[in-house]
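Let me put the structure up on the screen, and then I'll walk you through it.

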Amino acid sequence: MTLRCARAFSVFLITLLFLVNMAEGAGPEAIRLADGVYAFIGENGSTNSGFVVTEEGVVVIDSQGPRELALTLRSKIRAVTDKPVIYVINTHYHGDHTFGNQYFTENLIAIVSHEATRELLIERDAGHREMFLKFFGPESLLDFKLTLPQVTFTERLTLRAGEKTLELVSVPKAHTEGDIYVYMPEEKILFAGDLLYKGRLPFMNDGDSLGAVKAVDELLTYGAARIVPGHGGLSDRDDAAAYKGYLTDLRAEVKRLKESGKTLEEVKGEIRLPKYSLWYMYNEWLPANAAKVYTELD
Ligand SMILES: [Zn+2]
(Lines give C-alpha, C1' and ligand atoms only; values in the text may rest on other atoms or scores of the structure.)
Protein backbone atom coordinates (compact mmCIF):
# COMPACT_ATOMS: atom_id res chain seq x y z
CA MET A 1 0.00 0.00 0.00
CA THR A 2 1.42 3.41 -0.93
CA LEU A 3 1.54 6.17 1.68
CA ARG A 4 -1.25 8.08 -0.10
CA CYS A 5 -3.35 4.93 -0.22
CA ALA A 6 -2.75 4.26 3.47
CA ARG A 7 -3.74 7.83 4.32
CA ALA A 8 -6.92 7.64 2.25
CA PHE A 9 -7.74 4.32 3.90
CA SER A 10 -7.25 5.73 7.42
CA VAL A 11 -9.46 8.73 6.59
CA PHE A 12 -12.06 6.26 5.34
CA LEU A 13 -11.78 4.22 8.58
CA ILE A 14 -12.07 7.31 10.79
CA THR A 15 -15.12 8.46 8.83
CA LEU A 16 -16.66 5.02 9.14
CA LEU A 17 -16.04 4.92 12.91
CA PHE A 18 -17.52 8.40 13.22
CA LEU A 19 -20.65 7.35 11.34
CA VAL A 20 -21.00 4.19 13.44
CA ASN A 21 -20.68 6.29 16.61
CA MET A 22 -23.26 8.73 15.31
CA ALA A 23 -25.64 5.85 14.63
CA GLU A 24 -25.05 4.42 18.13
CA GLY A 25 -25.51 7.84 19.68
CA ALA A 26 -28.86 8.27 17.98
CA GLY A 27 -32.01 7.71 20.00
CA PRO A 28 -32.98 8.64 23.53
CA GLU A 29 -30.32 8.47 26.20
CA ALA A 30 -30.47 7.35 29.84
CA ILE A 31 -28.35 9.69 31.95
CA ARG A 32 -27.37 8.86 35.53
CA LEU A 33 -28.11 11.85 37.78
CA ALA A 34 -27.43 10.32 41.21
CA ASP A 35 -27.16 6.89 42.77
CA GLY A 36 -30.06 4.95 41.18
CA VAL A 37 -31.63 8.04 39.60
CA TYR A 38 -31.79 8.35 35.80
CA ALA A 39 -33.19 10.77 33.24
CA PHE A 40 -34.35 9.35 29.91
CA ILE A 41 -33.93 12.24 27.50
CA GLY A 42 -35.87 12.14 24.23
CA GLU A 43 -34.28 13.19 20.94
CA ASN A 44 -34.75 16.70 19.57
CA GLY A 45 -37.06 17.83 22.34
CA SER A 46 -39.28 14.77 22.29
CA THR A 47 -40.72 13.44 25.55
CA ASN A 48 -38.51 12.74 28.57
CA SER A 49 -39.00 10.16 31.30
CA GLY A 50 -37.16 9.23 34.46
CA PHE A 51 -36.51 6.08 36.44
CA VAL A 52 -35.34 5.41 39.96
CA VAL A 53 -33.75 2.10 40.88
CA THR A 54 -34.34 1.13 44.52
CA GLU A 55 -33.65 -2.00 46.61
CA GLU A 56 -37.25 -3.09 46.07
CA GLY A 57 -37.71 -2.29 42.43
CA VAL A 58 -37.86 0.49 39.85
CA VAL A 59 -40.07 3.59 39.83
CA VAL A 60 -40.75 4.94 36.32
CA ILE A 61 -41.73 8.58 35.87
CA ASP A 62 -43.75 8.85 32.63
CA SER A 63 -43.98 5.74 30.49
CA GLN A 64 -43.54 7.42 27.06
CA GLY A 65 -46.22 7.07 24.39
CA PRO A 66 -45.33 5.57 21.04
CA ARG A 67 -44.83 1.82 21.44
CA GLU A 68 -41.26 1.91 20.19
CA LEU A 69 -40.18 4.59 22.66
CA ALA A 70 -41.86 2.84 25.59
CA LEU A 71 -39.97 -0.33 24.65
CA THR A 72 -36.74 1.66 24.34
CA LEU A 73 -37.29 3.06 27.83
CA ARG A 74 -37.88 -0.47 29.09
CA SER A 75 -34.66 -1.73 27.52
CA LYS A 76 -32.66 1.23 28.91
CA ILE A 77 -33.94 0.28 32.38
CA ARG A 78 -32.99 -3.36 31.74
CA ALA A 79 -29.49 -2.26 30.78
CA VAL A 80 -29.05 -0.78 34.27
CA THR A 81 -30.89 -3.25 36.53
CA ASP A 82 -32.81 -6.51 36.47
CA LYS A 83 -35.10 -5.32 39.29
CA PRO A 84 -38.81 -5.21 38.35
CA VAL A 85 -40.73 -2.00 37.70
CA ILE A 86 -43.01 -1.63 40.75
CA TYR A 87 -44.44 1.87 40.27
CA VAL A 88 -45.22 4.07 37.28
CA ILE A 89 -45.96 7.75 37.88
CA ASN A 90 -47.85 9.74 35.22
CA THR A 91 -47.12 13.48 35.52
CA HIS A 92 -50.23 14.33 33.41
CA TYR A 93 -52.61 12.63 31.01
CA HIS A 94 -50.99 13.38 27.60
CA GLY A 95 -50.40 10.22 25.60
CA ASP A 96 -46.70 10.85 25.06
CA HIS A 97 -46.31 10.47 28.87
CA THR A 98 -48.95 7.78 29.56
CA PHE A 99 -49.68 5.56 26.57
CA GLY A 100 -46.64 3.39 27.37
CA ASN A 101 -48.17 2.33 30.73
CA GLN A 102 -49.12 -1.08 29.37
CA TYR A 103 -45.45 -2.05 28.90
CA PHE A 104 -44.61 -1.81 32.62
CA THR A 105 -47.39 -3.87 34.25
CA GLU A 106 -45.68 -7.24 34.71
CA ASN A 107 -44.60 -6.84 38.36
CA LEU A 108 -46.34 -3.58 39.02
CA ILE A 109 -47.73 -2.48 42.38
CA ALA A 110 -49.49 0.60 40.95
CA ILE A 111 -49.64 3.38 38.41
CA VAL A 112 -49.92 6.68 40.31
CA SER A 113 -51.29 10.03 39.10
CA HIS A 114 -53.47 12.98 39.94
CA GLU A 115 -57.17 12.07 40.01
CA ALA A 116 -57.88 14.41 37.06
CA THR A 117 -55.27 12.60 34.95
CA ARG A 118 -57.15 9.34 35.31
CA GLU A 119 -60.46 11.08 34.52
CA LEU A 120 -59.08 12.80 31.41
CA LEU A 121 -57.57 9.56 30.12
CA ILE A 122 -61.05 8.02 30.28
CA GLU A 123 -63.10 11.02 29.10
CA ARG A 124 -60.91 12.00 26.18
CA ASP A 125 -59.78 8.56 25.10
CA ALA A 126 -61.14 8.51 21.53
CA GLY A 127 -60.13 12.05 20.49
CA HIS A 128 -56.85 11.74 22.35
CA ARG A 129 -55.84 8.61 20.46
CA GLU A 130 -56.90 10.12 17.14
CA MET A 131 -54.69 13.17 17.70
CA PHE A 132 -51.82 11.00 18.92
CA LEU A 133 -51.94 8.82 15.80
CA LYS A 134 -51.86 11.91 13.58
CA PHE A 135 -48.75 13.11 15.34
CA PHE A 136 -46.85 9.82 15.81
CA GLY A 137 -48.15 7.61 12.99
CA PRO A 138 -50.14 4.36 12.86
CA GLU A 139 -47.36 2.12 14.29
CA SER A 140 -47.21 4.17 17.47
CA LEU A 141 -50.31 2.58 19.00
CA LEU A 142 -49.94 -0.97 17.72
CA ASP A 143 -51.69 -3.33 20.23
CA PHE A 144 -52.61 -0.31 22.37
CA LYS A 145 -54.54 -0.99 25.57
CA LEU A 146 -55.65 1.94 27.73
CA THR A 147 -53.88 1.30 31.04
CA LEU A 148 -55.12 3.59 33.80
CA PRO A 149 -53.61 4.77 37.07
CA GLN A 150 -54.90 2.79 40.07
CA VAL A 151 -53.68 5.12 42.82
CA THR A 152 -54.76 8.75 42.52
CA PHE A 153 -54.53 11.85 44.70
CA THR A 154 -55.36 15.55 44.45
CA GLU A 155 -52.86 17.46 46.62
CA ARG A 156 -49.66 15.60 47.35
CA LEU A 157 -48.43 12.12 47.99
CA THR A 158 -45.15 10.77 49.36
CA LEU A 159 -44.01 7.60 47.67
CA ARG A 160 -41.40 5.56 49.53
CA ALA A 161 -39.88 2.84 47.44
CA GLY A 162 -36.98 0.95 49.00
CA GLU A 163 -34.60 3.55 50.39
CA LYS A 164 -35.83 6.31 48.04
CA THR A 165 -38.39 9.03 48.72
CA LEU A 166 -40.35 10.77 45.99
CA GLU A 167 -42.65 13.69 46.73
CA LEU A 168 -45.49 13.97 44.19
CA VAL A 169 -46.99 17.46 44.24
CA SER A 170 -49.94 18.81 42.25
CA VAL A 171 -50.32 22.38 40.98
CA PRO A 172 -53.47 24.25 39.89
CA LYS A 173 -54.25 24.06 36.14
CA ALA A 174 -51.03 24.86 34.25
CA HIS A 175 -50.13 22.53 31.35
CA THR A 176 -53.27 20.42 31.90
CA GLU A 177 -55.82 19.85 34.62
CA GLY A 178 -54.01 17.45 36.94
CA ASP A 179 -50.31 18.22 36.51
CA ILE A 180 -47.90 16.93 39.10
CA TYR A 181 -44.15 17.20 39.53
CA VAL A 182 -41.89 14.79 41.38
CA TYR A 183 -39.22 15.96 43.79
CA MET A 184 -36.56 13.78 45.39
CA PRO A 185 -35.49 15.77 48.46
CA GLU A 186 -32.38 13.76 49.34
CA GLU A 187 -30.95 13.91 45.83
CA LYS A 188 -32.36 17.40 45.10
CA ILE A 189 -33.64 16.20 41.74
CA LEU A 190 -36.89 17.43 40.25
CA PHE A 191 -38.90 15.76 37.48
CA ALA A 192 -41.05 18.60 36.17
CA GLY A 193 -43.21 16.84 33.56
CA ASP A 194 -44.54 19.37 31.06
CA LEU A 195 -44.51 22.17 33.64
CA LEU A 196 -41.10 22.80 32.13
CA TYR A 197 -39.84 22.70 28.55
CA LYS A 198 -36.26 23.47 27.58
CA GLY A 199 -35.52 24.97 24.18
CA ARG A 200 -38.90 24.03 22.78
CA LEU A 201 -42.26 25.77 22.59
CA PRO A 202 -44.93 24.13 24.74
CA PHE A 203 -48.22 22.58 23.76
CA MET A 204 -50.62 24.89 25.62
CA ASN A 205 -54.15 24.05 24.47
CA ASP A 206 -55.15 22.02 27.54
CA GLY A 207 -53.71 24.42 30.07
CA ASP A 208 -53.71 27.94 31.38
CA SER A 209 -50.83 30.28 30.60
CA LEU A 210 -50.92 32.16 33.90
CA GLY A 211 -51.13 28.85 35.76
CA ALA A 212 -48.08 27.72 33.76
CA VAL A 213 -46.13 30.80 34.90
CA LYS A 214 -47.11 30.19 38.52
CA ALA A 215 -46.09 26.54 38.28
CA VAL A 216 -42.58 27.52 37.11
CA ASP A 217 -42.39 29.94 40.05
CA GLU A 218 -43.20 27.05 42.35
CA LEU A 219 -40.52 24.83 40.76
CA LEU A 220 -38.03 27.64 41.29
CA THR A 221 -38.67 27.61 45.06
CA TYR A 222 -36.92 24.23 45.28
CA GLY A 223 -33.18 24.17 45.59
CA ALA A 224 -33.10 21.52 42.85
CA ALA A 225 -29.63 20.74 41.60
CA ARG A 226 -30.95 19.02 38.45
CA ILE A 227 -34.31 19.40 36.78
CA VAL A 228 -35.63 16.95 34.20
CA PRO A 229 -38.10 18.86 32.00
CA GLY A 230 -40.95 17.19 30.11
CA HIS A 231 -39.20 18.04 26.83
CA GLY A 232 -35.65 19.18 26.07
CA GLY A 233 -32.30 18.51 27.72
CA LEU A 234 -31.40 18.35 31.41
CA SER A 235 -32.16 21.66 33.03
CA ASP A 236 -31.32 23.91 35.92
CA ARG A 237 -32.91 26.96 37.50
CA ASP A 238 -31.69 29.22 34.68
CA ASP A 239 -33.51 27.07 32.13
CA ALA A 240 -36.66 27.25 34.24
CA ALA A 241 -36.31 31.05 34.36
CA ALA A 242 -35.84 31.12 30.55
CA TYR A 243 -39.01 29.09 30.06
CA LYS A 244 -40.92 31.41 32.36
CA GLY A 245 -39.51 34.25 30.21
CA TYR A 246 -41.07 32.70 27.12
CA LEU A 247 -44.48 32.41 28.79
CA THR A 248 -44.45 35.98 30.14
CA ASP A 249 -43.14 37.45 26.85
CA LEU A 250 -45.84 35.57 24.93
CA ARG A 251 -48.56 36.80 27.28
CA ALA A 252 -47.32 40.40 27.10
CA GLU A 253 -47.03 40.43 23.31
CA VAL A 254 -50.48 38.92 22.73
CA LYS A 255 -51.98 41.42 25.20
CA ARG A 256 -50.27 44.30 23.39
CA LEU A 257 -51.51 43.15 19.97
CA LYS A 258 -55.01 42.52 21.26
CA GLU A 259 -55.22 45.92 22.94
CA SER A 260 -54.16 47.53 19.66
CA GLY A 261 -57.36 46.10 18.17
CA LYS A 262 -56.03 43.02 16.35
CA THR A 263 -58.36 40.09 15.79
CA LEU A 264 -57.47 36.53 16.77
CA GLU A 265 -56.55 35.66 13.17
CA GLU A 266 -54.37 38.78 12.85
CA VAL A 267 -52.52 37.98 16.06
CA LYS A 268 -51.90 34.39 14.89
CA GLY A 269 -50.45 35.73 11.65
CA GLU A 270 -48.40 38.60 13.08
CA ILE A 271 -47.01 37.26 16.34
CA ARG A 272 -43.18 37.17 16.46
CA LEU A 273 -40.93 36.45 19.42
CA PRO A 274 -37.48 36.47 17.78
CA LYS A 275 -35.73 35.80 21.08
CA TYR A 276 -37.14 32.25 20.92
CA SER A 277 -36.89 31.65 17.18
CA LEU A 278 -34.25 28.92 17.61
CA TRP A 279 -36.39 26.86 19.97
CA TYR A 280 -37.95 23.68 18.56
CA MET A 281 -41.52 24.10 17.24
CA TYR A 282 -41.20 27.90 17.08
CA ASN A 283 -42.82 28.17 13.64
CA GLU A 284 -45.22 25.31 14.21
CA TRP A 285 -46.66 26.26 17.58
CA LEU A 286 -46.21 30.00 18.10
CA PRO A 287 -49.52 30.90 16.37
CA ALA A 288 -51.40 28.28 18.43
CA ASN A 289 -49.71 29.46 21.65
CA ALA A 290 -50.72 33.03 20.81
CA ALA A 291 -54.30 31.97 20.03
CA LYS A 292 -54.54 30.20 23.37
CA VAL A 293 -53.45 33.30 25.29
CA TYR A 294 -55.77 35.49 23.15
CA THR A 295 -58.84 33.41 24.09
CA GLU A 296 -57.78 33.42 27.76
CA LEU A 297 -57.78 37.25 27.66
CA ASP A 298 -61.39 37.33 26.36
ZN1 LIG B 1 -47.98 17.33 27.81
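Predicted model: local features only at pLDDT ≥ 70, side-chain atom pairs only at ≥ 80, totals over all residues.

Residues are numbered from 1 along each chain as its sequence is written.

Back to that pair. Strand 4, residues 58-61, and strand 5, residues 85-89, run parallel and are joined by four bridges. When I say strand or helix, I mean DSSP runs, E of at least two residues for strands, H or I of at least four for helices, numbered from the N terminus. Two strands pair if DSSP finds at least two bridges between them.

Zooming out, these strands belong to an open sheet of seven, in the order 1-2-3-4-5-6-7, with mixed pairing. Its edge strands are strand 1 (29-34) and strand 7 (151-153), each pairing on one side only. On average, neighbouring strands here are turned by 20 degrees against each other, direction ignored. Axes are lines fitted to C-alpha atoms, for helices over the stretch in contact, and angles run from 0 to 180 degrees between N-to-C directions.

Is strand 12 mostly covered or mostly open? Covered: five of the six residues in strand 12 (226-231) are buried. Buried means 20 or more other C-beta atoms within 10 Å of a residue's own, exposed means 12 or fewer, and partly exposed is in between, with C-beta atoms placed from the backbone. Strand 12 runs parallel to strand 11 (189-197), and five bridges join them. Leu 190, for instance, stands opposite Ile 227 in strand 12. To get from strand 11 to strand 12 the chain goes through helix 6 (209-220), and this β-α-β crossover is right-handed. That is, with the strands pointing away from the viewer, the path from the first strand over the helix to the second runs clockwise.

One residue I'd like you to look at is Phe 132, in helix 5 (residues 125-136). Why does Phe 132 count as partly exposed? Because it has 19 C-beta neighbours inside 10 Å. Leaving aside neighbours within four places in sequence, Phe 132 is in contact with Gly 65, Gly 95, Phe 99, Ser 140 and Leu 141. Contact here means C-beta atoms, placed from the backbone, within 7 Å. Phe 132 and His 94 are 38 residues apart in sequence, with their C-alpha atoms 9.0 Å apart in space. Just after helix 5, Gly 137 takes a positive phi of about 90 degrees.

Last, the whole chain. It has nine helices and 12 strands, and 39% of its 298 residues count as buried. Along its principal axes, the C-alpha trace spans about 75 × 55 × 40 Å. Happy to go back to any view you like.

Technical notes: Contact = placed C-beta atoms within 7 Å.
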